[in-house]
Amino acid sequence: MSKLASLKLSGKGIYGLALMVCALLFLIQTSQAATKDDDNLAQLQQQLASHQIVRGDFTQTRHMQMFDAPLESQGHFLLSSQQGLWWQQATPFATSLVLTQETLSQQVGSGPAQVIKVGDNPMVFYFSHVFLSLFQGDTDTLQQQFDLQLNTTKNNQWVLSLTPKSAPLNKVFSQINIEAKDYINRIELIEIRGDRTEIAFSNQTHLPSDLSAAEQAIFGQ
């Protein structure tokens, strides 16, 4: 197994990937925000919350101080506000990750799935529950965890910057930046230790609007 594969399969690798996909889960359904009377944030919430399912492709580039060159991976994702996230990495090697409220499952190639439950690693699920709780409109969680800054570019793309307020989020991330228009186009996660991850999204769609039987089975339904 390559060094890259070993990194992804380690507990640290799964933990880092969980943080990134949890951020994605939060960002697709961003809550109404720091101030409920802020028209821009309310409009953003209304726009993103209209899509209960989002599908698309991703390119993830991870800049790590322990490597001279960035690590790049590509694949597809399926996000359901009701069920969770299916993150399918196609290159440099096939990896399937399924994140729900109760479990985090990772399968590399045709090997057996590694399943982490809430009780197995509470810290991973602390992050996932912080972000997934926003699907229920839990604005208190957002206000408690992040300082927000929302800006709009000339082409009507919005940029949302989140700065964690307290531990454990501020022990991992210094800032999270999101760029989007109709869908999320880019996420940047800047870590305290100097590592940085960029996730670029393309070919996003909310159709088909229902999960297939096979997709429901992936989420354990």
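Reading the model

A: Start with a cluster: F58, F77, W87 and F201 are linked by ring pairs. Keep in mind throughout that this model is predicted.

Q: How many aromatic pairs does a search of the whole structure find?
A: The search finds four aromatic pairs.

Q: How is such a pair of rings described?
A: Two values are used for a pair of aromatic rings, the distance of the centres and the angle of the planes. In the case of F77 and F201, the ring centres are 5.3 Å apart and the planes stand at 75°, so this pair is edge-to-face.

Q: Which parts of the chain does the pair of F77 and F201 tie together?
A: F77 belongs to strand 2 (residues 71-80) and F201 to strand 11, so the pair joins parts 124 residues apart in sequence.

Q: Are F77 and F201 buried or exposed?
A: Both F77 and F201 are buried.

Q: Strand 11 has come up; what else can be read there?
A: Take T197, which is in strand 11 (residues 196-205). T197 has a relative accessible area of 0%, so it is buried. Its side chain makes a polar contact of 2.6 Å with the side chain of R62.

Q: How accessible are R186 and E179?
A: R186 has a relative accessible area of 22% and is therefore partly exposed. E179 is also partly exposed, at 23%.

Q: Which residue meets E188 in a salt bridge?
A: That residue is R196, with an N to O distance of 3.7 Å. E188 has a relative accessibility of 12%; the cut-off for buried is under 20%, so E188 counts as buried. R196, at 26%, is partly exposed.

Q: With which other residue does R196 form a salt bridge?
A: R196 also forms a salt bridge with E198, where the closest N and O atoms are 2.1 Å apart. E198 counts as partly exposed at 23% relative accessibility.

Q: How far apart are I116 and L99 in sequence and in space?
A: I116 and L99 are 17 residues apart in sequence, and their C-alpha atoms are 9.7 Å apart in space. I116 is in strand 6 (residues 114-117). With a relative accessible area of 17%, I116 is buried.

Q: What does the model say about its own confidence?
A: The score to read is pLDDT, the predictor's confidence in each residue. For the protein chain its mean is 76, and 70% of the residues reach 70 or more.

Q: Where is confidence lowest and where is it highest?
A: Confidence is lowest in helix 1 (residues 3-9), with a mean of 39. Helix 7 (residues 213-218) has the highest, at 93.

Q: Over which residues does pLDDT stay under 50?
A: One such stretch is residues 26-37, for which the model has 43 contacts beyond four places in sequence. Residues 133-139 also have a pLDDT below 50, and this stretch has 16 contacts in the model beyond near neighbours in sequence.

How values were computed. Residues numbered from 1 in each chain as written. Predicted model: local features only at pLDDT ≥ 70, side-chain atom pairs only at ≥ 80, totals over all residues. Heavy atoms only, no water. pLDDT = per-residue confidence, 0-100. Helix = DSSP H or I, 4+ residues; strand = E, 2+ residues; numbered from the N terminus. Contact = heavy atoms within 4.5 Å. Buried < 20%, exposed > 50% of the residue type's maximum accessible area, 1.4 Å probe, protein only. Salt bridge = Lys/Arg side-chain N within 4 Å of Asp/Glu carboxyl O. Polar contact = N/O pair within 3.5 Å; in protein donor to acceptor, adjacent residues only side chain to side chain. Phe/Tyr/Trp six-rings, centres within 6.5 Å; stacked < 30°, edge-to-face > 60°.
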